[in-house]
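This briefing covers selected packing features of the structure shown below. Please read it alongside the sequence and the coordinates.

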Amino acid sequence: MILNGIITGLIMGGILSLPVLGVAVIYGITGIPNFAIGVIGVFGGFLTWYFLSFNMGLAILIGVTVCFLVGYILQRILLTPISERGGDSTLFFIITVSVGFVFEGFIRAFSPRPNISLALPRIGTINIAGFTVEGFKIFALIFAIGTLVIIRLAEEHTEVGKSWQATSQNLKLAKFVGIKTSQVFSFASGIGCALACVGAIFWGSLYNLTTSSGWDLGFLGFIVAVVGGIGNIWGGIISALIMGMVMSFSGYLLGGMWQSVILYFIVILVLIIAPKGILGSERSL
Amino acid sequence: MKDRYEQIGTVLILLLPLLFVLRGGYVQEVTGYVYLFLIQGYAAWFLFFKSGQPFFGYSVTMAIGAYGTIVLTIIYKWPLLASIFISAAMATMVGVLIFLATSRARGFYVSMASFLLAILFPNLIDALQPITGGRSGLYFSGITAIIGYEALYLLVIFLTAAITALFFWIMGTKAGKILTLISENDQLTQAVGINTLKYKIFAYTVAGFISGFGGALYVNYTGFISSVDIEVFTTLYIFFIPLIGGSRVFYGPILGALFVILMPELLVPVERYFRIFFGLIFILVIVLLPEGLAPNIQKLLGKMKPKHA
């Protein structure tokens, strides 16, 4: 049972780390807490599901690209102008939740079904210490870790990544040396929403997606990011894995009803004891 | 003096439905519902907008008042009135405890802790299903069984007006003025030697109690509560009431409550697109009318007045 719990927890945490990564990228660079990210990701998940019968690759590409564009445009026309007018975290919280309402509305209005499951190929099974795990779950975990490594490498070794770092560390100086910071913000927001979409696709394939799943995924992604130290990518990933374990074991020991109660209770405790998260935040809310 | 007239006007407007008692029906039901949310809206207006305390757990304090009343009355057989007041006191304790526990943190972390509590609470209600009924909910006849629905409706109107008047009165006292200072500049208020902690606890105590009391009244009026009624969106709707209506004017939350509660009713013909319209309207109001509806309506009315030579 313990091994089962660990493996399930690792996989849940791995998938969860994708929206967490999205939150961390957006918040780390723009300084804006975007609570719509989960709903936008699930909107992309529903789009992917709709086109899945035509071609799997194309369907995923459509979902991820649309989410990237939504994130990009949202940042460009709404969030950056409000930020430049001096909007605070509370205002962004309200605005992004309202944006979430709009995208949840799109799912409710246009999806032919309120509850979907994405039928992606299963890639067989793998045996770990006598415990059989679906190959697709291992793929999801490796994909999440791979994405983290790629983002970290891109941040340190590419021009775009360096402009991200410069913008997040000193906005005024970044503007002074000619970095188009509003473009950097929009790009980061697009990447964040695209990551949330990939997370939603994995989630929808392993479990299922409902019209309101976006809020669960988004809030969960956000609180996991808070526990890790919001904006801190490594902290977010470690936190996602720990939270995945907590969800897995509390589900086994106390039943599914208590899973989220325990999870949110731990997060509130972390907020009380260490408000900047387990690895500290590079920015403060 | 202008403030005083505005306050009296606001309370009188709230008492208007007493003049034409409606004989049940849809309009009366919705009016009562608007008033019950207005109690929560004024609690948010007082705590968040007038005292500057970043609290988002209004659905939690409301739920504690509602569930506490039912559990104490039905399971523990306490007298109804005692159950209502004890539940409101429990809601106060939760609000104050969240504030004290997060007092080391600053700003948005406090908002997050209370907001997460608002997410956690419906899950807790579901997990405690044998006592709370979870998503299936609990039925409660409470005050209705004693005085009837019509009298309860009048009581809701009267109590909402009284609570609003209480908030206005508090804002005019020394404590209210210090809370305004705290909301404008917390550090400066501390620097001039004022014990801000004491006043913040006072603000949480008053708002928590009123919100819990409002929750108890809610369950008596609706006769039913389930975890669906206290979802995290309830806290957002409550918060939107003073925000959309306009927090700087005394009657702002009235417009906000009408907007937030009546908008879904008006959007029934396009129910399929309800959330899209709802979200877009919120974004437009917040971006284009950051002061809320009331000051802009005031400006518009000012422009429409005939100008004398």
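Of the 179 residues in the largest nonpolar core, which touch the most other members? They are Ile40(A) and Leu116(B). The model is predicted, with local features requiring pLDDT of at least 70 and side-chain atom pairs counted only at pLDDT 80 or more, while totals for chains, interfaces and linings use all residues. Residues are numbered from 1 along each chain as its sequence is written, and chains are lettered from A and ligands numbered from 1 in the order in which they are written.

**Nonpolar core**

- A nonpolar core is a set of buried Ala, Val, Leu, Ile, Met, Phe, Trp, Tyr and Cys residues joined through C-beta atoms within 7 Å.
- The most residues in this core, 15, come from helix H8 (residues 181-206) of chain A; helices are DSSP runs of H or I with at least four residues, numbered from the N terminus.
- Setting aside residues up to four places away in sequence, Leu116(B) touches Ile223(A), Tyr264(A), Val267(A) and Ile268(A), where contact requires C-beta atoms, placed from the backbone, to lie within 7 Å.

**Contact between chains A and B**

- Chain A supplies 29 residues to the contact and chain B supplies 32 residues.
- On the side of chain A that touches chain B, the elements giving two or more residues are helix H4 (89-110), H9 and helix H11 (256-273) of chain A.
- H4(A) gives the most to that side, with 14 residues.
- The residues of this side of chain A comprise 22 nonpolar, five polar and two charged; Ala, Val, Leu, Ile, Met, Phe, Trp, Tyr, Cys and Pro count as nonpolar, Asp, Glu, Lys and Arg as charged, and the others, Gly among them, as polar.

**Ile107(A)**

- Ile107(A) lies in helix H4 of chain A.
- Ile107(A) counts as buried because it has 24 C-beta neighbours inside 10 Å; the cut-offs are 20 or more other C-beta atoms within 10 Å for buried, 12 or fewer for exposed, and in between for partly exposed, with C-beta atoms placed from the backbone.
- Beyond its neighbours within four places in sequence, Ile107(A) contacts Val42(A), Phe43(A), Phe46(A) and Thr211(A).

**Helices H2(A) and H9(A)**

- H2 (residues 37-51) and H9 (residues 213-228), both of chain A, have axes that come within 7 Å and cross at roughly 135°; axes are lines fitted to C-alpha atoms, for helices over the stretch in contact, and angles run from 0 to 180 degrees between N-to-C directions.
- Residues making this contact include Ile37(A) and Val39(A) of H2(A), and Trp215(A) and Leu217(A) of H9(A).
- By class, the contact of H2(A) with H9(A) has seven nonpolar, six polar and no charged residues.

Methods. Contact = placed C-beta atoms within 7 Å.
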